Amino acid sequence: MAAFVGAAACPLAARAQPELPSRVHLTFNHYYNYPEMVEALKQLETAYPELLALRTIGKSYEGRDMWLTTINNPKTGADRDKPAIYIDANVHGNELQGAETALYTIWYLTKSYGKVEKLTKLIDERAFYILQMVNPDGRANWFDNPNSPHSSRSGKQPTDNDYDGLFDEDGPDDLDGDGSITQMWKPDPNGRWRRSNRDPRIFERVPADEKGDFTYLGEEGIDNDGDGLVNEDGPGGYDMNRNWPADWQPDYIQHGAGEYPFAYPETRAIGEFILDHPNIAAVQSYHNAGGMILRGPGMKYREPEYPREDVGVYDEIGRTGEQLLPFYHYWVIYKDLYSVHGGFVTWTYEGLGIFSFTNEQWSDEQYYDAANPQRGPEARFKFGDLLQFGQVYTELKPYRHPQYGDILIGGWTKYSERVAPSFLLEGMCHRNSAFTLYHADQMPKLSFSRVDVAGVGSGVWSVTVEVRNDGAIPTISGVARNRRIAARDEVKLAPGPAAGPLTVVASGTLADRFTAPLVLTERSPERIWTDSGIPGHDARLFRWIVSGRGPVTVTYRSQKGGTITRDVDLSEPPG
């Protein structure tokens, strides 16, 4: 009798997460180069035209399109009329996995629509703007040319890094032709390094009172410009995550900042897009290494860090992120990492009032034995040998250098250290995507939780509405309120098309519906403005005194919370 194991024989199988087929076959156990990434986006747009729109928001320095995907269900409203989250990645060319996570987010949302209730509702109620590659030139260079784990970070606009009047004239060279920029070591009886007797691939610094056997010469390269230095002026050399207006400082204070904010075509295109979409209520920017969920400030300011109510929102989202992302830490940039002037997520929050996070995605704790605190070079080689079979390390080999003579060349390749191993990539993409979708779900969710109509005299009515926000994010952040950088929310009562003569006599806000006095609107009582909006997980009360009969419509309009309406019929009360 043939053996058969099905759901009935194995109850766990029935409870397993169902497979969600996609109209586009994508895999997330490898990295997509720039042309492959663009092709994947175009296939997704073709397969899901009812949900996706692909457009270019500008071109990079080298002329590559910056492709942005909008995810929205137009049957439930235009994207600009809904709270939106902006997601980007790969601002540094060597930080690959952010683009994969952004692509995964599009792929997972589209294949889930109509099948996963929670994600279907999210797409119906929110809009997503996703830019996979902020720095397409840096990404293309990383794939197409020899690089180290740390190079091709910059964009490719030529920069005079050594201030000699020349541009990009002396970068690293792949001397041994292995496709990566590794390290150079010079045998030297007076050196400061020696090879470990436990593993000769490991170089250890010797104590101050001892002599070693080697001198470290840096990354592979030669003196291309004859100035006596090696690799001092490679391609680019600036940092697009230092080129934003919030606390921007010139290059002599903040290295890589550029000549002025928005100095580069890539940052300028993104700035123009975000400023043109004031409905953006959340921002997520993916970077690649360290296992961190970061928020601003980027620097320690003299003023209080951030408004207390905003810190509470950040803490709620960030601490949930720590639960969703094992081994990640929810940190403040300047306090827990390092100081940054002109950073992107500090600009979007401090300059625009948008709750913004940077995820540094790859944590080596996902790679090593998490229970083993020993994570030095020996552990790195052990796991590199046993999990990746030595594929991300080039063995040391002799080389005759034109400047240094006989040296050794070898070391970790560009696919090591900062880039997640391909066999762990999909899980990392899913967890980070899930955190970002949770962030999106915390954008304002407005509803009329209560509408009360009462007759207060012959033909005179009291109309009281309670507007509730079920998201953690307020419709107006504390920083936006304090700095007056956001449009005010508006709640308005207007006659319906079949109404008779109606007059709004007075209106105002209420702290509570039982004992608080009505705080009157000074002018145009049909419209009530609120500078602080609706806080997260909270509600506000508004009241109008109306003379007349007939239908009226109450509308609450928020730049970052969307628009809701409720029709109310003013007629003689019963009895």
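Reply: Contact here means heavy atoms within 4.5 Å. This is a predicted model, where local features need pLDDT of at least 70 and side-chain atom pairs count only at pLDDT 80 or more, while totals for chains, interfaces and linings use all residues. Residues are numbered from 1 along each chain as its sequence is written, and side-chain values use heavy atoms, with hydrogens and water left out.

Me: Which residues is Tyr-286 in contact with, leaving aside neighbours within four places in sequence?
Reply: Ile-87, Asp-88, Ala-89, Asn-90, Gly-98, Thr-101, Asn-359, Gln-361, Asn-432, Ser-433 and Thr-436.

Me: Where is Tyr-286 found?
Reply: In strand β9, residues 280-289. Strands (E, at least two residues) and helices (H or I, at least four) are DSSP runs, numbered from the N terminus.

Me: Is Tyr-286 buried or exposed?
Reply: Tyr-286 counts as buried because its relative accessibility is 0%. Buried means under 20% relative accessible area, exposed over 50%, and partly exposed in between, with a 1.4 Å probe and protein chains only.

Me: What joins the side chains of Tyr-286 and Thr-436?
Reply: A polar contact of 2.4 Å. That term is a pair of N or O atoms within 3.5 Å; within protein, one must be able to donate a hydrogen and the other to accept it, and residues adjacent in sequence count only if both atoms are side-chain atoms.

Me: New topic. Which residues touch the most other members of the largest nonpolar core?
Reply: Leu-26, Leu-44, Ile-71, Leu-103 and Phe-128, out of 72 residues. Helix α3 (residues 97-112) gives the largest share of this core, eight residues. A nonpolar core is a set of buried Ala, Val, Leu, Ile, Met, Phe, Trp, Tyr and Cys residues joined through side-chain atoms within 4.5 Å.

Me: What does Ile-71 touch?
Reply: Not counting residues up to four places away in sequence, its partners include Leu-51, Ile-106, Phe-128 and Ile-130. There is also a second, separate core of 32 residues, with Leu-131, Ala-269, Ile-280 and Val-340 among them.

Me: And helix α9, how many of its residues are buried?
Reply: Seven of the eight in residues 344-351. Trp-347 and Glu-350 are among the buried ones. Gly-353 follows α9, and its phi is positive, near 75 degrees.
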